Amino acid sequence: MGKKENIPLIDSHVHLGGYRGIENLMGLCREAGIEKINIACVAGTPGRGLAGNAAALLAKSLHPEKIYVFGGLHYRADRTDTPE
């Protein structure tokens, strides 16, 4: 097994607070030595932000070599059946 210094740091569960936080997030990653991140989105709701997937995809397009995205899917929080 290699030395600890040779193991890349990858954060697989990061939430992005919106498109305005992209460069701040990238700065934090640089400071912490994190080489890659995965942005985990939540389903778009008025209370949690409707543009989570869009902001994450923008971040991915700006930093394609460093960012992965798990998009948030629409679902009913009250667990009732819907046509969707």
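Analyst: A residue is called buried when its relative accessible area is under 20%, exposed when that area is over 50%, and partly exposed in between, using a 1.4 Å probe and protein chains only. The model is a predicted one, in which local features need pLDDT of at least 70 and side-chain atom pairs count only at pLDDT 80 or more, while totals for chains, interfaces and linings use all residues. Residues are numbered from 1 along each chain as its sequence is written, and side-chain values use heavy atoms, with hydrogens and water left out.

User: Why is Phe-70 called exposed?

Analyst: Phe-70 has 55% relative accessibility, and therefore counts as exposed, the limit being over 50%. This residue lies in strand 3. Its contacts (heavy atoms within 4.5 Å), leaving aside neighbours within four places in sequence, are with Asn-38, Ile-39, Ala-40 and Cys-41.

User: Why does Gly-17 count as exposed?

Analyst: Gly-17 has 86% relative accessibility, so it counts as exposed. Its place is in the loop between strand 1 and helix 1. From C-alpha to C-alpha, Gly-17 and Ala-51 are 9.6 Å apart in space, although 34 residues apart in sequence.

User: What makes Asn-38 buried?

Analyst: The relative accessibility of Asn-38 is 6%, and therefore Asn-38 counts as buried. It is found in strand 2. Not counting residues up to four places away in sequence, Asn-38 touches Asp-11, Ser-12, His-13, Val-14, Tyr-68, Val-69 and Phe-70. The side chain of Asn-38 also reaches the backbone oxygen of Ser-12 at 3.2 Å.

User: Why is His-63 counted as buried?

Analyst: His-63 has a relative accessibility of 15%, so it counts as buried. This residue lies in the loop between helix 2 and strand 3. Leaving aside neighbours within four places in sequence, His-63 is in contact with Ile-22, Glu-23 and Met-26.

User: What joins the side chains of His-63 and Glu-23?

Analyst: A polar contact of 3.0 Å joins them. The term requires a pair of N or O atoms within 3.5 Å; within protein, one must be able to donate a hydrogen and the other to accept it, and residues adjacent in sequence count only if both atoms are side-chain atoms.

User: How many helices and strands make up the secondary structure of the chain?

Analyst: The chain has two helices and three strands. Helices (H or I, at least four residues) and strands (E, at least two) are DSSP runs, numbered from the N terminus. Along the sequence they follow the pattern β-α-β-α-β.

User: What is the order of the strands in the open sheet?

Analyst: The three strands stand in the order 1-2-3, with parallel pairing. Strand 1 and strand 3 are at the edges with a single partner strand each, so one side of each is left without a neighbour in the sheet. Neighbouring strands are turned by 15° against each other on average, direction ignored. Such angles run from 0 to 180 degrees between N-to-C directions, with axes fitted to C-alpha atoms, for helices over the stretch in contact.

User: How many bridges join strand 2 to strand 3?

Analyst: Four bridges join these parallel strands, and two strands pair if DSSP finds at least two bridges between them. Within strand 3, Tyr-68 stands opposite Asn-38. Helix 1 packs on the sheet, touching strand 1, strand 2 and strand 3, and its direction makes about 140° with that of strand 2. Helix 2 lies across strand 2 and strand 3, running at about 160° to strand 3.

User: Which residues of helix 1 are buried?

Analyst: Helix 1 (residues 22-32) has Ile-22, Leu-25, Met-26, Gly-27 and Cys-29 buried. These buried residues pack against strand 1, strand 2, helix 2 and strand 3. The helix is followed by Gly-33, whose phi is positive, near 75°.

User: Which members of the largest nonpolar core touch the most other members?

Analyst: A nonpolar core is a set of buried Ala, Val, Leu, Ile, Met, Phe, Trp, Tyr and Cys residues joined through side-chain atoms within 4.5 Å. Of the 13 residues in the largest core, Leu-16, Ile-22, Leu-25, Ile-37, Ile-39, Ala-59 and Ile-67 touch the most other members. Helix 1, strand 2 and helix 2 are the elements that give two or more residues to this core, and helix 1 gives the most, with four residues. In soluble globular proteins, nonpolar side chains tend to be buried together.
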